[in-house]
Amino acid sequence: DDRILRSSYPAIDVPKNQSYVQFILDCCKRNGDKEALVDGPTGETYTYTDLITLIKKCGSALLQAGVKPKDVALLHLPNIMQYPVYLYGAQAIGAVVTTANPGYTVDELAYQLIDSSAKYIITDSKLYHTAIEAARKANVEHVFESVEFFKDLLKDDGSKLKGVYSPTDPTEAICMPYSSGTTGVSKGVLQSHYNYIGHALSLGSKEFMQWDKRLVTLSLLPLFHAFGLAVNVGMHFYLGSKVILLQGFEPEQLLKTIEKYKVNDFPMVPPLALFLAKHPLVDKYDLSSLESMISAAAPVGKGILRTMAERIPSLKIVRQGYGLTEATAGAIVNPIDPTKCKDGSVGVLLPNLEGKVTDLDTGEALGPNQEGEICLRGPIVTHGYLNKPEQTANTFTSDGWLRTGDIGYYDTEDYFYITDRLKELIKYKGHQVPPAELEALLVSHPHIADAAVIGIPDDVAGELPRAFVVVKAEISEREILDFVTEHVAPEKKLRGGVEFVEAIPKTPTGKILRRVLKKEALAR
């Protein structure tokens with residue numbers, strides 16, 4: 001079918017029978033005494049050789065503690081140096097890792113513990129109280145505090161681990177990050193050995209990452225998230241990059257870290273692009289080491305990336321990518337060659353992938369420049385949701401397609417554009433109004449720092465678009481309404497009005513929590 005797109009890049013052979021941990025250990029061996037991980041604030045460093053030793057010791061220490069193959073261990077941690085050690089150490093013995101947001105409340109964490117059937121938690125001293133309370137609610141007996149556990153691990157002679165776990169089936173789950181829950185309740189995504197190896201090889205191919213130099217990449221995005229797991233301590237270990245860890249966004253610390261470690265590669269989310277484009281502090285630091293950045297997780301307005309690149313002239317490669325936990329992480333990305341990056345597009349299909357855009361009503365595959373739901377198929381498409389047969393059937397088709405729930409189209413050169421999420425579209429008198437488009441427009445105004453748009457129920461029209469705006473210079477509601485009216489089709493006018501707010505609620509990866517705003521608006 002000519003309406004099914006295939007990646008135009010050469011197919012890459014993904015080994016079917018290899019364990020992902022063995023793949024990572026082989027990468028570590030190849031990279032030897034190169035620096036692998038650095039803790040930004042303290043400068044503590046692990047080489048790739050250190051990682052091999054620590055991962056094996058961790059596997060042995062977990063076996064010593066009673067963890068068995070197929071047991072589920074939950075990591076409840078910020079971006080600490082030991083994160084990949086625990087991740088791969090648990091996987092080395094055949095345990096399944098589920099990763100939790102360190103910002104979770106007791107109830108949110110207890111939900112994930114129960115839902116994933118976790119038996120073990122590794123947490124941080126700062127989060128210990130939350131972990132213990134959640135463990136009590138979920139009847140989880142074993143809670144390890146990272147500092148204490150790491151001491152035991154260092155003392156371990158590694159003897160319990162006889163060999164790295166080898167899967168009998170490459171589609172066996174090794175990792176279960178929880179998908180953001182913007183579409184109902186949060187779900188464990190079954191990611192396999194084959195998914196992760198396929199992801200590292202395709203996103204890490206020379207058409208999509210720089211191979212001509214050693215990357216020093218900043219890992220500010222949380223490691224519990226699919227992007228952190230599969231890109232920052234996954235694909236980058238395959239490439240032999242030096243990964244600088246930061247816990248959370250603090251403006252001065254971020255800029256200092258880029259300057260100090262001469263970071264040249266920065267995967268980010270739109271709020272960080274906005275910060276680099278518009279914040280006055282940026283001019284006080286030497287960011288001339290920065291060469292490449294990729295923004296993912298949410299759409300970013302065209303002007304923002306351009307402003308950022310003009311402000312930091314060393315940035316030669318500025319691109320957007322698109323992915324989701326259900327496709328391991330990255331799936332559609334602009335190529336590394338700047339002449340092949342398209343402004344406003346999230347890029348092209350990675351090697352080994354197929355894609356199509358389907359009609360929202362009929363499910364038929366559409367041609368170029370026709371808007372519909374983006375669907376993906378290939379080695380990085382995961383194997384469904386844990387214990388959620390109905391949601392799995394709705395999202396993963398029997399012939400291997402992943403329905404992303406994102407609306408977009410591809411152009412005549414097979415570049416994709418995301419216009420919105422299926423679930424967040426505002427419907428005004430039957431017209432589809434994409435919040436992301438209005439948000440990008442609002443943020444392009446020099447007096448507006450940030451914005452979010454939601455639909456407010458209306459008896460006549462169905463929904464009216466309302467904007468929540470964070471200002472950085474004086475501007476009236478009338479000025480904002482006129483500015484939008486001047487730039488958009490009549491159905492997209494902000495008929496629901498404007499509210500001024502201190503901050504826009506977002507997930508840790510920068511996705512706007514529109515449902516939080518909606519709930520608050522409806523409660524008033």
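In this predicted model, C175 is a buried residue, since its relative accessible area of 1% falls under the 20% limit for that class. C175 takes part in no disulfide, and the nearest cysteine sulfur, which belongs to C58, lies 14 Å away, whereas a disulfide would require the two sulfur atoms to be within 2.5 Å. By this rule the count of disulfides comes to zero.

Burial is also a feature of helix α3, which spans residues 83–92. Ten of the ten residues of α3 are buried, and the helix is therefore largely enclosed by the rest of the structure. The buried residues of α3 are Y83, P84, V85, Y86, L87, Y88, G89, A90, Q91 and A92. After α3 comes G94, a residue with a positive phi near 90°.

A contact between two helices was examined next. Helix α1, formed by residues 20–31, and helix α8, formed by residues 226–239, have axes that come within 8 Å and cross at roughly 45°. This angle makes α1 oblique to α8, because it belongs neither to the roughly parallel class, which holds angles under 35 degrees, nor to the roughly perpendicular class, which runs from 65 to 115 degrees. The crossing in which α1 passes α8 is left-handed. On the side of α1, the contact is made by Y20, F23, I24, C27, R30 and N31, and these residues meet V233, G234, F237 and Y238 of α8.

Most residues other than glycine have a negative phi. Against this background, N369, a residue other than glycine, has a positive phi near 60°. N369 is located in the loop that runs between strand β19, residues 354–358, and strand β20, residues 372–377. A positive phi, of about 70°, is likewise present at D414, although this residue is not a glycine. The position of D414 is in the loop between β21, which covers residues 402–410, and β22, which covers residues 416–421.

Technical notes. Residues are numbered from 1 along each chain as its sequence is written. This is a predicted model: local features need pLDDT of at least 70, side-chain atom pairs count only at pLDDT 80 or more; totals for chains, interfaces and linings use all residues. Side-chain values use heavy atoms; hydrogens and water are left out. Axes are lines fitted to C-alpha atoms, for helices over the stretch in contact, and angles run from 0 to 180 degrees between N-to-C directions. Helices (H or I, at least four residues) and strands (E, at least two) are DSSP runs, numbered from the N terminus. Angles under 35 degrees count as roughly parallel, over 145 as roughly antiparallel, 65 to 115 as roughly perpendicular and the rest as oblique. A crossing is left-handed if the near helix is turned anticlockwise from the far one by less than a right angle, and right-handed if clockwise. Contact means heavy atoms within 4.5 Å. Buried means under 20% relative accessible area, exposed over 50%, partly exposed in between (1.4 Å probe, protein chains only).
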